[in-house]
Amino acid sequence: MDTATVARFEASRNRLASIAYRLLGSATDAEDTVQDAFLRWQAADREHVETPEAWLTKIVTNLALDRLRSAQARRERAVGTWMPEPLLDGDPMLGPADTVEQRESVTLAVLTLMERLSPVERAVYVLREAFAYSHAEIADILDITESASQQHAHRARRRLGAERNSRRIDHASARRIVEAFVAAASSGRTEQLVALLTDDATGISDGAGLGLADKLIRYSTPERIAGAVRAGFRPSPAKRRLAGGSPSFHAVVVNGCPAMLATVGDRVRAVVILELRGEKIAGMHGIAAPHRLGRLTERWQRLEHDLPLITAW
């Protein structure tokens, strides 16, 4: 390919990656999908491609749907170990964040809830809510009718039933929220943590931070969440060995939500993402499996950081 043809693809790369990430919930799979699309672009008869952006969007969307429909994906997502891959604020793969719908579509809560949708419903929801494609455009991308696109969008919104939080979380508000969370977690008093949570708060962890074999652990009450967090903050030699040292805790924004990073040296060992409802925490995702933290760690290593909230653990 000539330089101009490569440049035309590269100009769309971030947008294509953000579509694939929302569909797949995995930065690694999104990158692979975009690379597959590049190979298709390389092999295409480009003289007959009238609108490259639309052509590439269709290719990436359908490649992502093929991944979702694959037998391997169905097995991985059915065994109870799948979680979305978190992304640090500013990562271009997060895509647009100007509207409530765009910010909502990339939260870990919605990425997890989208597992309830069929692949086509998921694609319609992402293209419509996050990228403002018309139903006519979506129909062309997915080879369905406009009325079918409208029906899929309606079903997707009904099945997700996500509560929309219009707040845009910046670094300053994230630090304030995470400071309160860390102070409560390190106080030794679980009632302080419970007070930060909604009455119906839920939590989920991939178990890796507890030395378990990537097994999802769910916490269904504020008291159980508080007990698990408090236990996680209680230092021990075994935990230091598991983390590779004594971690520092930082306040950041991950997938549009306030989050706490645990780092050792320049590596991220764990992240806890806090999802808000009003002024309280309604959901928590704890992630420590290294294969879910690769891209987040790479971005963290390239950035300057504030001083940690806690360094002694």
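**Ground rules.** I number residues from 1 along each chain as its sequence is written, and side-chain values use heavy atoms, without hydrogens and water. Since the model is predicted, local features need pLDDT of at least 70 and side-chain atom pairs count only at pLDDT 80 or more, while totals for chains, interfaces and linings use all residues.

**Entry 1, the sheet.** I took helices (H or I, at least four residues) and strands (E, at least two) as DSSP runs, numbered from the N terminus. I counted two strands as paired if DSSP finds at least two bridges between them. I found an open sheet of six strands with mixed pairing, in the order S2-S1-S6-S5-S4-S3. Its edge strands are S2 (217-219) and S3 (248-254), each pairing on one side only. The twist averages 20° from one strand to the next; axes are lines fitted to C-alpha atoms, for helices over the stretch in contact, and angles run from 0 to 180 degrees between N-to-C directions.

**Entry 2, two hairpins.** I followed S4 (residues 257-264) into S5 (residues 267-277): they pair antiparallel over six bridges. Val264 has Arg267 as its bridge partner. Two residues separate S4 and S5 in this hairpin, and Gly265 in the turn has a positive phi of about 65°. Next I checked S5 against S6 (residues 280-287), an antiparallel pair with seven bridges. Here Leu274 is bridged to Met284. This hairpin also has two residues between the strands, and Gly278 takes a positive phi near 65°.

I looked up H3 (residues 52-69) and H7 (residues 119-130). They pack at an angle of about 145°, with axes 10 Å apart. In contact (heavy atoms within 4.5 Å) I listed Thr57, Thr61, Leu65, Leu68 and Arg69 from H3, and Pro119, Val120, Arg122, Ala123 and Leu127 from H7.

I found Ser26 in the loop between H1 (3-24) and H2 (27-43). Is Ser26 buried or exposed? Ser26 counts as buried because its relative accessibility is 11%; buried means under 20% relative accessible area, exposed over 50%, partly exposed in between (1.4 Å probe, protein chains only). Leaving out residues up to four places away in sequence, Ser26 touches Tyr21 and Glu85.
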